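Here is a short briefing on one structure. It starts with the ligand and its surroundings, then turns to the sheets and the backbone.

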Amino acid sequence: MTTIDEFPQARTCPFAPPPAYARIREEDPVAQVRLPDGRPAWVVSRHEDVRTVLNDRRFSADRGHPSFPQLVLGAAVTGAPDEEPVLLSMDAPEHPVARRAVLGDFTLRRTEGLRPRVQEIVDERIDAVLAGPRPADLVEELSLPVPSLVICELLGAPYSAHTFFQEQSTALIARTTPPEERAAAGAALSGYLGDLIAEKEADPPDDLLGRQIRLLRDQGSYRRSALAGLGILLLVAGHETTANMISLSTVAFLRAPEQLASIRADPTRTPAAVEEMLRYFTILDAATARLCVEDVEIGGRLIRAGEGVLALTYAANRDPRVFDDPDELDIERGGRHHVAFGFGPHQCLGQNLARMELQIVFDTLFRRIPTLALAVDVDELPFKDDATIFGLHRLPVTW
Ligand code: HEM
């Protein structure tokens, strides 16, 4: 059986999964890896098997469990206090109840209602880019502020807090952040959210946090610290993910001018292009970890209760059994059966919002700055291989 001794593996090319992924998927689709703390875990790499793991209740998402496979030493994924389980770490029967309570804020209809405001935010940021010096750092000027502003408004947090949010969430997801700094970032967010929620309690406003206070009170289950945990999860999940997708996809479009020309000529192609970018980069690859709680046979191997499993969504998204020429970027591919948003009960809650933000950014950015170009060679770009979420630290562009 294949064992990969170092995990997580770096992406040696920013446009492709770590080289070992293709090998294990073809030769040993349920292989073993050694985690940073020295413990072994299973890795599942075929599309079908990844979906099975993520959709089967015999695999638990309880990230606080001592046997849960941790990719980052000493890390709580969201920074929420350990005793406060967040959506991402819950199992049935608690998980569907908690998810249902917040789902209303992320439906397609609700998200579409935000479209005019998101468009306004994107236009304002691009105005600022055009008014500023060349080259500009697109990460700083566009990729981070757009999702940051959107999530602040959604939660009902003042925009003045967005730099603080950005800094803390960046510290939380960097693998290189020392454990004590990561804990401090979690505590700072937790304190801030707790105060913000406390202010809303007397007369809960019509924003996500205010609506949650009312709803949970009606259900008799309101606890401030639990709501702060949800707030942190949404802040962190809403920041770095979409931001990195904006930066990476911009690079990919600039490297594929004919595909860029295609969405510029016909913006109805942009939604399919967004799906392809999500598949092509799969930025949140091994975050889809689980703990087996009942023996299960997968891909001919027996996984026992108590063993950790990593569902490698990036390997699945390049599985030639499902995607023709999987290593090619092809925005005409269509189809949403990629697993970049995960699969099953924990599938990304913010996916409608993320899709909309990405569509608006691409349509607006390349329309308003048609001569946009990288200001440095692709080889010189600082890709973020030191974080739980793949992305770019900086993206110098000119026009
Ligand atoms: C391109 C952007 C994004 C990507 C690639 C992404 C990816 C993912 C993935 C892979 C999961 C599943 C984790 C698992 O199964 O363990 C997930 C869950 C989640 N995402 Fe996203 N996400 C994105 C944007 C967002 C945004 C904008 C928000 C919120 C505003 C968000 C909120 C969440 C939440 C709350 C969960 C946990 C859901 C649950 O456990 O029921 N995500 N995301």
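Three helices, α3 (94–103), α11 (224–255) and α15 (351–368), each supply at least two residues of the shell around the ligand. A residue belongs to the surroundings of a molecule if one of its heavy atoms lies within 4 Å of it. Helices (H or I, at least four residues) and strands (E, at least two) are DSSP runs, numbered from the N terminus. The model is predicted: local features need pLDDT of at least 70, side-chain atom pairs count only at pLDDT 80 or more, and totals for chains, interfaces and linings use all residues. Residues are numbered from 1 along each chain as its sequence is written, and side-chain values use heavy atoms, with hydrogens and water left out.

**Ligand shell**

- The ligand is surrounded by 30 residues.
- The closest are R63, H95, R99, H346 and C348.
- Helix α11 gives the largest share of the shell, seven residues.
- By type, the shell holds 19 nonpolar, eight polar and three charged residues.
- In this count Ala, Val, Leu, Ile, Met, Phe, Trp, Tyr, Cys and Pro are nonpolar, Asp, Glu, Lys and Arg are charged, and the others, Gly among them, are polar.

**Iron and polar contacts**

- The ligand's iron atom has C348 (SG) as its only protein donor, at 2.3 Å.
- Donors are N, O and S atoms within 2.8 Å of the metal (3.2 Å for Na, K and Ca); water is not among the atoms, so sites may look incomplete.
- C348 sits in the loop between α14 (313–316) and α15.
- A polar side-chain atom of R63 lies 2.6 Å from an oxygen atom of the ligand.
- The side chain of H346 also places an N or O atom 2.6 Å from an oxygen atom of the ligand.
- L87 uses its backbone: an N or O atom there lies 3.5 Å from an oxygen atom of the ligand.

**Six-stranded sheet**

- This open sheet has mixed pairing and the order β1-β2-β3-β9-β6-β4.
- Two strands pair if DSSP finds at least two bridges between them.
- The edge strands are β1 (3–4) and β4 (59–60), and each pairs on one side only.
- Helix α2 (residues 47–54) packs on the sheet and touches β2 (30–34), β3 (40–44), β4, β6 and β9 (308–311).
- Contact here means heavy atoms within 4.5 Å.
- The direction of α2 makes about 125 degrees with that of β9.
- Such angles run from 0 to 180 degrees between N-to-C directions, with axes as lines fitted to C-alpha atoms, for helices over the stretch in contact.
- Strands β4 and β6 (residues 289–292) run antiparallel and are joined by two bridges.
- S60 stands opposite L291 of β6.

**Three-stranded sheet**

- A second open sheet, with antiparallel pairing, has the order β5-β13-β10.
- Its edge strands, β5 and β10 (373–374), each pair on one side only.
- Two bridges link β10 to the antiparallel strand β13 (residues 396–398).
- A373 has T398 in β13 as its bridge partner.

**Backbone points to check**

- A cis peptide bond joins A92 and P93, with omega about 5 degrees.
- P93 lies in the loop between β4 and α3.
- Another cis peptide bond joins R134 and P135, with omega about -5 degrees.
- P135 is in the loop between α5 (115–131) and β5 (136–137).
- T282 has phi near 35 degrees, a positive value in a residue other than glycine.
- T282 falls in the loop between α13 (270–281) and β6.

Methods:
A polar contact is a pair of N or O atoms within 3.5 Å; within protein, one must be able to donate a hydrogen and the other to accept it, and residues adjacent in sequence count only if both atoms are side-chain atoms.
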